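Work through the exercises below with the structure in view, and try each task before you read its solution.

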Amino acid sequence: MTRPRRLEALDDSPEAVRRRTPVRRLWYAAYGSNMHLDRLTAYLAGGRPAGGLRSYPGCRDPRGPARMAPVMLPGLLYFATTSEVWTGGRAFYDPDATPTRGGELPSRAYLLTLSQFSDIAAQEMYREPGEDLDLTEAVTRGRARIGPGRYETLVCAGLLDGYPVLTFTAPWSSRDITMNAPSAAYLRHIAAGLVASHGWSARRAAAYLAGCPGADGHWTAPEIAALLACPP
């Protein structure tokens, strides 16, 4: 098992904010299928992820992440809405909810450029990439809503090696949405990402995902573990 990196708290003093803005490099904390590098590569370099129903144009900068690190985010992973790519529920992050089994969720952080993060966020919303996001509010206040969409609320969970750690999620709370079970292909990517980034066993990754709202009651841990033994 790989020991996750711990994040530094955001310092909102004027001097600290001045040092980290404007943002040119950042850690993108992936908590869903993007934890699997093969899936993230479809966003970076373009293409269709295994098991997905959509092809992506890729980022303006198609290079791979400069660095990768396992991290833990405070909050809850849950599945809701319906994905046009995977057909089942999408993964969302609720930073304000407390999971029943501990207060953190595993994530994989990728050190990216601003343009790469912005282009990934655009493709998550099925838009063409090409415009840089303004991350000032997110890295200053810890959160910023840049639009009404399902992945248009930015969360800055802290700092790692001096760079802000950001992810995107829905504007709603996990208490205010109907859960929806994820598909097998989607769960396979998430489980594979957990194994690769955190060094978890297939059994541990499956047990974690089977306990997440939306998957709970629809998928068992043995069923999820079996997905990792099946080719995509």
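**Exercise 1: Overall fold**

Task: State how many helices and strands the protein has, and decide why it can be called as compact as a globular protein of its length.

Solution: The protein contains seven helices and eight strands, where helices (H or I, at least four residues) and strands (E, at least two) are DSSP runs numbered from the N terminus. Its radius of gyration is 17 Å, close to the 17 Å that the globule rule gives for 232 residues, so the protein is as compact as a globular protein of that length; the radius is taken over C-alpha atoms, and the rule is 2.2 Å times the number of residues to the power 0.38. This is a predicted model, in which local features need pLDDT of at least 70 and side-chain atom pairs count only at pLDDT 80 or more, while totals for chains, interfaces and linings use all residues. Residues are numbered from 1 along each chain as its sequence is written, and side-chain values use heavy atoms, with hydrogens and water left out.

**Exercise 2: Burial**

Task: Find what percentage of the 232 residues is buried.

Solution: Buried residues (under 20% relative accessible area, with a 1.4 Å probe and protein chains only) make up 53% of the 232 residues.

**Exercise 3: Cysteines**

Solution: Cysteine 59 counts as buried at 10% relative accessibility, and cysteine 212 is buried with a relative accessible area of 5%.

Conventions: Buried means under 20% relative accessible area, exposed over 50%, partly exposed in between (1.4 Å probe, protein chains only).
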